[in-house]
Amino acid sequence: MALPQSKTDATEARIAALQMPEGAAWASEARQSALSRLRAMGLPGPRDEYWRFTNPADFNASAPGAAAPFDHGDEKPVFGDVDRIKLVFRDGVYDTDASDDLTHEGLEIARLADAVSADIHWAKDLYGTIEARSHEPVPRPFAALNTAFATDGIVIRATAKVSKPVSLIYLHEDPTSDVIMHFLVKVEEGADVTVLESGPAAARFNKCMEVDVADNGAFHHVRVQGRDHERRAVTHLFARLGEESTFKSFTLTANGVMTRNEAFIELTGDNAVSHIAGAALGDGRFHHDDTVFVTHDAVNCESRQVFKKVLRNGAVGAFQGKILVKEGAQKTDGYQISQSLLLDEDAQFLAKPELEIYADDVACSHGSTSGAIDETALFYLRSRGLEKGDAQDLLVLAFVAEAIDEIESEALADDILSRLEGWLTRHRAA
Amino acid sequence: MLEIKNLHVKLEEEDKEILKGVDLSVPAGSVHAIMGPNGSGKSTLSYVLSGRDGYDVTDGAATLEGEDVLELEPEERAAAGLFLAFQYPVEIPGVGNMTFLRTAVNAQRKARGEEELSAADFLKLIREKAKDLKIDADMLKRPVNVGFSGGEKKRNEILQMAVLEPKMCILDETDSGLDVDAMKLVADGVNALRDAGRSFLVITHYQRLLDHIRPDVVHIMADGKIVKTGGPELALEVEHNGYADILAEVA
């Protein structure tokens with residue numbers, strides 16, 4: 001179906017403002033093919049099925065609104081206590097000097113620009129491939145745009161159990177930076193790697209991460225999106241999971257006027273496990289959208305989606321989540337929960353949970369709730385001596401706990417918890 | 001210890017008076033029981049004293065060791081030494097029982113200007129108290145009251161009381177939903193806490209709890225007032241004859 005002229009015009013205007021980076025023939029082909037996908041689907045409009053809750057205007061605009069870099073004061077850096085391999089980006093540009101030495105047992109790490117310049121590279125089979133499959137039935141134009149125009153990023157190949165997490169640190173210093181980055185993670189058979197992400201990256205950040213987990217491989221992912229208020233981010237996490245493989249992802253989002261986190265996960269090998277979780281905390285001008293699609297295409301796989309949002313003072317949260325169980329994906333165990341805690345009457349939560357099942361021997365459940373602080377529980381805690389603010393914080397943490405529980409590493413979970421506590425302390429109701 | 005004078009209370013949401021002039025004096029070290037038919041205002045009295053929202057005090061006063069408790073926030077009342085064992089203990093998913101207890105103990109100590117208990121000292125304290133109430137490690141680890149049986153919830157209330165060591169303990173129908181053995185266990189827990197500096201107000205429908213927790217004074221409450229006060233024998237009278245005779249007598 002031809003696009004409406006207005007959509008074509010908007011899409012062409014956006015494309016015209018971008019420049020496709022040079023690369024090897026295979027890379028240019030991948031980028032050109034992504035560009036054709038983008039042209040065919042066009043940029044989203046507010047009437048598109050999966051953009052009803054979130055206005056795409058900020059992402060469609062040819063340039064981002066200004067976003068002042070955030071002063072963290074003396075706050076401890078995210079994951080500061082974790083022994084990790086640090087890769088630092090300043091407004092989307094890799095900073096070699098600030099980054100650690102990238103040689104590490106069981107790991108091959110390269111800059112995207114180097115990988116896509118090589119005529120022969122494993123990245124060829126992954127770059128844009130899961131993204132290309134992700135548009136049916138729901139188009140993800142910003143992911144196609146990303147594959148076409150990403151200027152930097154990192155490609156990671158894990159060949160064994162990696163002892164330290166790879167930590168991607170996205171610094172934001174330029175108030176008008178507009179950054180498109182693409183990451184590849186290839187987890188080979190039996191390998192195990194943890195990837196951490198932290199920081200806002202830019203005034204506007206478009207990020208894709210494509211993760212391919214081979215049989216018996218494991219991928220762990222913990223992300224903290226940064227405390228900047230004005231930043232905007234549209235991110236895509238793509239994953240393909242082989243037999244007996246594990247995928248675990250958690251994202252903490254506190255602040256940010258506009259965040260859209262999409263995930264598209266394919267369970268293609270039997271007995272694979274995928275857990276994806278998120279906690280979002282918003283006070284005031286805050287819009288946060290999780291759009292998560294999990295596809296079961298193998299036998300005896302397990303998937304969990306756990307998303308919690310704490311909203312107040314006009315903050316808006318959205319969740320669109322789908323479990324698709326394909327024909328033949330028997331013994332599927334699917335679970336999806338999306339919940340919001342509305343701390344006042346001005347906050348809003350929009351949810352669209354979906355199940356689509358074509359196999360007859362599956363267990364899938366989903367739930368979505370929206371509620372206020374339980375006054376009875378609050379009174380119970382206060383009657384035992386907890387101050388009202390402390391009691392409320394305890395109940396908020398309890399609400400978010402199910403999502404945090406998805407983080408396997410205790411050290412990482414503790415770091416996330418301390419960020420949550422910090423946010424709660426700073427955002428006490430007057 | 002606890003002095004209640006001419007307490008009048010109505011529901012905030014509707015213009016309905018529940019307490020119509022309650023007078024009650026519980027001296028330090030004594031155990032008072034309040035009995036009464038359904039709807040007489042017993043539970044309302046416990047909620048108003050502990051500071052729950054939804055009630056308007058229209059007249060009268062309540063003081064704890066001379067301090068006006070009705071002016072205090074619920075947490076301030078707790079720090080002042082008031083404790084309510086809930087008729088329906090609240091389930092709090094996501095908050096571990098142990099974390100909850102430790103937070104509560106330290107919040108009260110902090111409010112009183114005392115030093116917070118160290119993790120080790122707290123653990124020692126809780127283990128000792130939990131053992132007496134037959135509360136196992138698993139119950140301490142689980143989220144507060146979640147998945148607890150009726151008896152476990154009430155034991156957990158008594159555990160909180162034992163750990164927090166309040167001066168004035170109000171037990172709101174702590175016997176409801178308990179079998180004979182569980183009631184004995186709960187009563188033993190309460191009796192172990194009896195001492196010269198601590199007072200109890202035991203609210204109950206039935207005399208049987210009072211077989212285990214022997215009261216010094218028994219009050220009968222009806223239609224928002226204390227209508228009769230006597231010794232333990234008053235509870236037996238209720239058990240044998242019901243409330244009708246007493247109510248007819250005072251009418």
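1. In strand S7 of chain A, the side chains of A:Asp192, A:Thr194, A:Leu196 and A:Ser198 point one way while those of A:Val193, A:Val195 and A:Glu197 point the other way, and all of them are buried, where buried means under 20% relative accessible area, exposed over 50% and partly exposed in between, with a 1.4 Å probe and protein chains only. In a regular strand the side chains alternate between the two faces of the sheet. Because 7 of the 7 residues of S7(A), which spans 192–198, are buried, the strand is largely enclosed by the rest of the structure. Strands, of at least two residues (E), and helices, of at least four (H or I), are DSSP runs numbered from the N terminus.

2. This is a predicted model, in which local features need pLDDT of at least 70 and side-chain atom pairs count only at pLDDT 80 or more, whereas totals for chains, interfaces and linings use all residues. Residues are numbered from 1 along each chain as its sequence is written, chains are lettered from A and ligands numbered from 1 in the order in which they are written, and side-chain values use heavy atoms, with hydrogens and water left out.

3. S7(A) has parallel partners in strand S5 (residues 166–171) of chain A, through 4 bridges, and in strand S9 (residues 218–224) of chain A, through 7 bridges; two strands are taken to pair if DSSP finds at least two bridges between them. A:Val195 of S7(A) stands opposite A:Val166, and A:Val195 also stands opposite A:His221 in S9(A).

4. Chain A also holds an open sheet of 9 strands with mixed pairing, in the order S3-S4-S6-S8-S10-S12-S14-S16-S18. Its edge strands, each pairing on one side only, are S3 (107–111) and S18 (348–357). Within chain A, strand S4 (residues 154–158) runs parallel to strand S6 (residues 178–187) and is joined to that strand by 4 bridges, with A:Ala158 opposite A:Val187.

5. A:Asn255 sits in the loop between strands S11 (246–254) and S12 (258–267) of chain A, and A:Asn255 is buried, with a relative accessible area of 5%. Its side chain reaches the backbone oxygen of A:Arg227 at 2.9 Å. Leaving aside neighbours within four places in sequence, the residues in contact with A:Asn255 include A:Asp228, A:Leu281, A:Phe286 and A:Trp423, contact meaning heavy atoms within 4.5 Å.

6. At the interface, 16 residues of chain A are in contact with 27 residues of chain B. The area buried between the two chains is about 1800 Å², of which carbon and sulfur atoms give 68%; this is the accessible area (1.4 Å probe) that two parts lose on being put together, summed over both. In chain A, the residues losing the most area to chain B are A:Phe379, A:Tyr380 and A:Arg384, together 43% of what that side buries.

7. The rule finds 3 salt bridges across the interface of chain A and chain B, each requiring a side-chain nitrogen of Lys or Arg within 4 Å of a carboxyl oxygen of Asp or Glu. The side chains of A:Arg382 and B:Glu73 meet in a salt bridge at 2.5 Å, N to O.

8. A cis peptide bond, with omega of about -5 degrees, joins A:Glu136 and A:Pro137, and A:Pro137 lies in the loop between helices H5 (129–133) and H6 (141–149) of chain A. A:Lys331 has a positive phi, near 60 degrees, in a residue other than glycine, and A:Lys331 is partly exposed, with a relative accessible area of 48%.

Conventions
Polar contact = N/O pair within 3.5 Å; in protein donor to acceptor, adjacent residues only side chain to side chain.
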